[in-house]
Amino acid sequence: MSQEVEKYSKPTRILHWVHLVSFCILFLTGLVLFIPQLGFLAQDSVTRVIHRIGAVVFIIAPLIYIPMNWQATKRGIKEAFSWGASDIGWLKAAPRYYFSGDEKDMPPQGSMNTGQRLWWLIVLVSGAIFTITGLIMWFAKTSAPAAVLQWMVFIHDVAFILAGTMLLLHIYLGLFHPLMNEAWKAIYKGNISAEYAKKHHAKWYEEVAKSKEVKS
Amino acid sequence: MAKAILYDTTKCTACRACQVACKGWNELPAEVTTNRGTYENPADLSPTTWLKMKFREIEPGGKVRWLFTRRSCMHCTDAGCVKVCPSKALYHHELGFVAYNKDLCTGCGYCIEACPFDVPRSDRNLLTGIAKMDKCTLCTTPGLDRIAEGWEPACVKTCPTNALQYDDRDKLVAEGRKRVDSLRDAGWANANLYGENELGGLHVMYVLDDHPSVYELPVNPQISAATVAWQDAIQPLGWAVGGLTVLGLGLNYMVARANINREKEKKDVAGS
């Protein structure tokens with residue numbers, strides 16, 4: 001029972017939190033532009049300047065992480081793009097599991113389950129879209145044709161709707177869902193109990209157990 | 001009752017008194033410019049130049065024509081700038097103009113990109129993004145509001161040839177049509193009243209003696225597809241998706257907690 005396994009390394013956890021905070025800043029300062037009643041907050045460009053500061057952190061944090069954690073990055077990218085038949089089984093069984101706790105149809109999962117990998121893929125893709133469209137709107141504002149800038153805003157907003165709503169789901173599952181009681185621990189302290197790992201990430205736990213990295 | 005400005009190109013001498021009156025009334029500083037070999041000056045609209053006369057030379061059939069056009073806000077009914085302004089700094093005045101509360105401007109520049117007439121201007125710090133838009137407010141700028149006083153806009157007031165008139169829009173449409181008719185009678189077959197129906201009706205209309213393209217005015221101007229897709233499709237969709245997500249998560253929390261507590265109780269009962 002007291003056995004614990006490392007789920008996320010320290011650099012990964014730091015990147016997660018730095019990125020989350022910067023994204024929340026970007027989320028809120030961007031949302032202001034959708035709510036005319038909050039327009040006064042954006043007066044004199046205040047929230048737009050904060051949005052740019054958030055953007056710098058959002059872009060630079062992974063750029064620092066990647067060369068320092070090249071192996072983990074490679075593994076992560078690979079995972080985001082490896083999909084199989086078991087993922088469809090997971091998606092089918094997931095609603096029953098998340099609503100009623102019935103796990104008998106849930107296929108065993110790796111270090112990230114299908115839902116987590118879906119979110120991870122959205123983070124990668126939307127992150128790239130935010131960065132490219134954002135940089136164009138920032139630095140080509142006076143030089144790019146008006147139509148290009150307008151479509152950049154449009155694409156930026158589509159990415160925002162996708163990533164923003166999925167972030168709500170992510171925060172909900174991490175903090176509030178009754179079954180995900182160690183997700184918070186995994187990303188805050190780095191370790192989860194062997195029991196939780198077996199139950200939620202069976203495939204991954206087997207690998208870890210085999211390579212004898214289980215700490216007691 | 002909507003009001004409007006009627007600009008008659010055929011009466012305009014391009015004296016540019018309107019440009020000067022606009023600067024004077026709105027307390028806009030002059031700009032240092034260089035001689036570009038034309039009377040047209042300054043070269044473009046700017047945050048401190050809300051109105052300028054455009055000069056154009058053409059040679060139809062070897063005969064030189066010197067054309068003058070007003071370059072300023074057209075005060076559209078279907079205004080792209082009002083549609084995209086996220087803080088409602090741009091809004092429709094009760095008399096139909098596109099009025100502007102500069103205090104609320106966030107400097108996002110969306111209006112600049114959305115304007116079919118390329119009118120709004122701003123000075124922008126490219127690094128910080130800090131900016132403030134400026135454009136003609138049809139003399140409704142708070143503190144400098146001539147319209148509220150029942151006066152004509154400064155440009156109209158100063159016009160020595162009555163090329164500019166300010167009145168009820170209906171009256172000016174009738175007046176403009178009359179002018180177009182008399183121009184046609186005089187042999188200007190393409191004479192037209194620009195702005196009567198464009199973008200839901202402009203609140204600055206032009207009497208032209210030739211096709212709008214001759215004056216380099218956009219023929220059949222439209223709100224861009226990107227503006228429509230963004231404002232009328234994606235933003236409502238975003239609110240719907242966001243709202244449903246929050247609702248779904250709340251529902252999931254209540255159902256899952258109830259179910260899982262029930263399971264636990266069952267186990268506890270079985271275990272005891």
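This is a predicted model: local features need pLDDT of at least 70, side-chain atom pairs count only at pLDDT 80 or more; totals for chains, interfaces and linings use all residues.
**Entry 1. Contacts of K11(B)**

Setting aside neighbours within four places in sequence, I found K11(B) in contact with T161(B), N162(B) and A163(B). K11(B) sits in the loop between β1 (3-8) and α1 of chain B.

I next examined β10 (204-208) of chain B. Of its 5 residues, 5 are buried, so β10(B) is largely enclosed by the rest of the structure. I noted the side-chain directions: V204(B), Y206(B) and L208(B) point one way, M205(B) and V207(B) point the other way, and all are buried. This can be set beside the general rule that side chains in a regular strand alternate between the two faces of the sheet.

I then traced the pairing. β1(B) and β10(B) run parallel and are joined by 4 bridges; I recorded V204(B) as the bridge partner of I5(B). β9(B) pairs with β10(B) in the antiparallel sense over 3 bridges, and here L193(B) has V207(B) as its bridge partner.

**Entry 2. The hairpin of β6(B) and β7(B)**

I found β6 (residues 121-124) and β7 (residues 131-134) of chain B paired in the antiparallel sense, with 4 bridges. D123(B) stands opposite K132(B) of β7(B). The hairpin has 6 residues between its strands, and in it G129(B) takes a positive phi near 80 degrees.

**Entry 3. Backbone exceptions in chain B**

The peptide bond that joins N41(B) and P42(B) is cis, with omega about -5 degrees. P42(B) belongs to the loop between α1 (17-25) and β2 (52-58) of chain B.

L199(B) is not a glycine, yet has a positive phi of about 50 degrees. I placed L199(B) in the loop between β9 (192-194) and β10 (204-208) of chain B. L199(B) counts as buried because 20 other C-beta atoms lie within 10 Å, and burial requires 20 or more.

N220(B), also a residue other than glycine, has a positive phi near 50 degrees. N220(B) lies in the loop between β10 and α6 (225-271) of chain B. With 9 C-beta neighbours inside 10 Å, N220(B) counts as exposed.

**Entry 4. Domains of chain B**

I noted that chain B is divided into domain 1 (1-222) and domain 2 (224-272). The C-alpha centres of these two domains of chain B lie 50 Å apart.

**Entry 5. Overall layout of chain A**

I turned to chain A, which has 10 helices and 2 strands. Read from the N terminus, its elements run β-α-α-α-α-α-α-α-α-β-α-α. Along the principal axes, the C-alpha atoms of chain A fill a box of roughly 60 × 40 × 30 Å. I recorded 22% of the 216 residues of chain A as buried. Among contacts in chain A between residues at least 6 apart in sequence, 65% join residues at least 24 apart.

**Entry 7**

I checked the span of α5(A): its 16 residues reach 24 Å from first C-alpha to last, close to the 22 Å expected at 1.5 Å a residue. I found a bend of about 45 degrees at A93(A) in this helix, with a proline, P95(A), following within four residues. Just after α5(A), G101(A) takes a positive phi of about 80 degrees.

α7(A) has 30 residues and reaches 42 Å from first C-alpha to last, close to the expected 44 Å. Its buried residues include L149(A), M152(A), D157(A), F160(A) and L167(A).

**Entry 6. The contact between chains A and B**

I last examined where the chains meet. How many residues does each chain bring to the contact? Chain A gives 38 residues and chain B gives 40 residues. On the side of chain A that touches chain B, α2 (39-42), α3 (46-68), α5 (85-100), α6 (114-139) and α7 (146-175) each supply at least two residues. The largest share of that side, 15 residues, comes from α7(A). By class, I recorded 24 nonpolar, 10 polar and 4 charged residues on the side of chain A that touches chain B.

Technical notes:
Residues are numbered from 1 along each chain as its sequence is written. Chains are lettered from A and ligands numbered from 1 in the order in which they are written. Two residues are in contact if their C-beta atoms, placed from the backbone, lie within 7 Å. Ala, Val, Leu, Ile, Met, Phe, Trp, Tyr, Cys and Pro count as nonpolar, Asp, Glu, Lys and Arg as charged, and the others, Gly among them, as polar. A residue is buried if 20 or more other C-beta atoms lie within 10 Å of its own, exposed if 12 or fewer, and partly exposed in between; C-beta atoms are placed from the backbone. Domain bounds come from an automatic or database domain assignment. Two strands pair if DSSP finds at least two bridges between them. The expected span of a helix is 1.5 Å times one less than its number of residues. The bend at a residue is the angle between axes fitted to the seven residues ending there and the seven starting there.
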